[in-house]
Amino acid sequence: MLFNEALVSAAEIALRHLGHEGGDVVLVRDLYGKIRVVLPDDRADAADALGVELLTALGAHAYAPESAFLKEADVRAALDSAHVVGTSDTGARALLVDRLLTGTEWSAPPNTQATAKKRFTLFSMKGGVGRSTTASILAWHLARKGKHVLVLDLDLESPGVGTTLLGPSLPRLGIVDWFVEDALGQGDLVLPDMVATSDLGVGTGGKVTVVPCFGTDTGDYLPKLGRAYLERGPTGREPWPDRLKRLVAALEERENPDVVLLDSRTGLHDTSASLMLAMGADTLMFAVDSRQTWTAYQFLFEHWHNHPHVREFRHRLWVVGSMVPRQRIDEYFEGLRDHAHELFEGTLYDQPPTPGEGGDPGDTADVFHYPPTDEAGNHHPRPVLWDDGLVAFDPLSAWQEGPVTAAYTRLFEWFDQTFIDVPVLP
């Protein structure tokens, strides 16, 4: 029996032995893919038969009967990340707690606390789609509206937006320096020397400040990068997302920006998950209309479909159509839009509302669903048009407002209407 089959079989067996109406059965899958069952304190009578059946059915994915069970107290702290993997005819559910070496942050509870600043994460499944370029241009656009924009380059493995916005005018230190020093209780010593002002904001009426991955005095980058993801804070063990939240909050307090842009690492890395879930940010998800793009996003969205807190963050995910070609633009855009809708429709959107009695629409107040052509939908791509003038774009040495405006006007209009020019209610 293989990995996927083992989970299905374990859920069915555990529910048959332990499931009761309205109750939950908890499975724990370890780093090796082996599965244990949480045995309730009052169900010791089921242990012998259940342990033997699990070993017989799961083979290498099971433990010996005497090691097949955990106590409820062993997993209580991890239940927030558990998701449903099976149900019985009586309504009992099988929940899975997955012990992962990486990937745990994609299942973590989101940050639902209101933040003092507007935060935005820019994320893509693959590189070369204009994500970091968009971060630079969006910072310029917001500065022109009089905003103070703080940009963090958190693509630590492939630094880009920091040097793009600062050129040679880097600060002394960067983000990797903070993570290394913070683990030793010296993060506050680094903060004053890791922020620099970009010339891109000059003459705009606003300001663009940047926190790069590294600075002029960072020195050997790789040894620091290898320590940047330690789950250790000044007082001991601390999850990396919590460390990141402290860093961003400290920078916000120090710089007092209006908007914070977080340039994320590409792909399914835990740091990307932290930026999308732990920061309380709206996420701009970059997509081109290709099989590779939708297959990769499908993996993520199917995982989130079973996320116990999905309703708390799905409304903050927004599709950006990147590098939309100008030839046959309508045909391309419709394909991009329809594929994005298929992605949301099968995973994060609720079932479409049905008409009530007499043909009146049903109660849609709590229904998260948009039809394909609804421009308000989270799936509806906000296009960035392809423009030759933005190839090898260097905003500090060869700013070309014409190509920028032509490519980004529709994205700017949507962004402003949705997040910036929103009237404040009394």
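Glu231 counts as partly exposed because its relative accessibility is 34%. This value, like the others in this report, belongs to a predicted model. The side chain of Glu231 meets that of Arg237 in a salt bridge, with 2.9 Å from N to O. Arg237 has a relative accessibility of 64%, over the 50% cut-off, and therefore counts as exposed.

**Salt bridges**

The whole structure holds 25 salt bridges.

| Acidic residue | Basic residue | N to O distance |
| Glu252 | Arg119 | 2.8 Å |
| Asp182 | Arg243 | 3.1 Å |
| Glu231 | Arg237 | 2.9 Å |

Arg119 and Glu252 form a salt bridge in which the closest N and O atoms are 2.8 Å apart. Arg119 and Glu252 are both buried.

Asp182 and Arg243 also meet through their side chains, at 3.1 Å from N to O. This pair again links distant parts of the chain, since Asp182 belongs to helix α6 and Arg243 to helix α9, 61 residues apart. Asp182 and Arg243 are buried. Both residues are also members of a network of salt bridges, along with Glu238 and Arg246.

Helix α6 runs over residues 175-182 and is mostly covered, with seven of its eight residues buried. The buried residues are Ile175, Val176, Asp177, Trp178, Phe179, Val180 and Asp182.

The buried residues of α6 pack against both helices and strands. The helices are α7 (187-190), α8 (221-225) and α9 (240-255). The strands are β7 (148-153), β9 (207-211) and β10 (232-233). Helix α9 is therefore a packing partner of α6 as well as the helix that holds Arg243.**The chain as a whole**

The chain has 13 helices and 15 strands. Its C-alpha trace spans about 75 × 65 × 45 Å along the principal axes. For 426 residues, a compact globule would have a radius of gyration near 22 Å, and the 24 Å of the chain agrees with this.

Of the 426 residues, 50% count as buried. Among contacts with a separation of 6 or more, 73% come from residues 24 or more positions apart. The chain exposes about 20,200 Å², and carbon and sulfur atoms supply 51% of that area. There are 37 positive and 61 negative side chains, and the centres of the two sets lie 4 Å apart.

**Backbone angles**

Two residues with a positive phi are described here. Asn256 has a phi of about 50° although it is not a glycine. Asn256 is placed in the loop between α9 and β12 (259-263). Met323, also not a glycine, has a positive phi of about 55°. Met323 is found in strand β14, which covers residues 317-324. With a relative accessibility of 30%, Met323 counts as partly exposed.

Notes. Residues numbered from 1 in each chain as written. Predicted model: local features only at pLDDT ≥ 70, side-chain atom pairs only at ≥ 80, totals over all residues. Heavy atoms only, no water. Buried < 20%, exposed > 50% of the residue type's maximum accessible area, 1.4 Å probe, protein only. Helix = DSSP H or I, 4+ residues; strand = E, 2+ residues; numbered from the N terminus. Contact = heavy atoms within 4.5 Å. Rg over C-alpha atoms; globule rule 2.2 N^0.38 Å. Areas by Shrake-Rupley, 256 points an atom, 1.4 Å probe, with all protein chains shown as cover. Lys, Arg positive; Asp, Glu negative; His and termini not counted. Charge placed at Lys NZ, Arg CZ, Asp CG, Glu CD. Salt bridge = Lys/Arg side-chain N within 4 Å of Asp/Glu carboxyl O.
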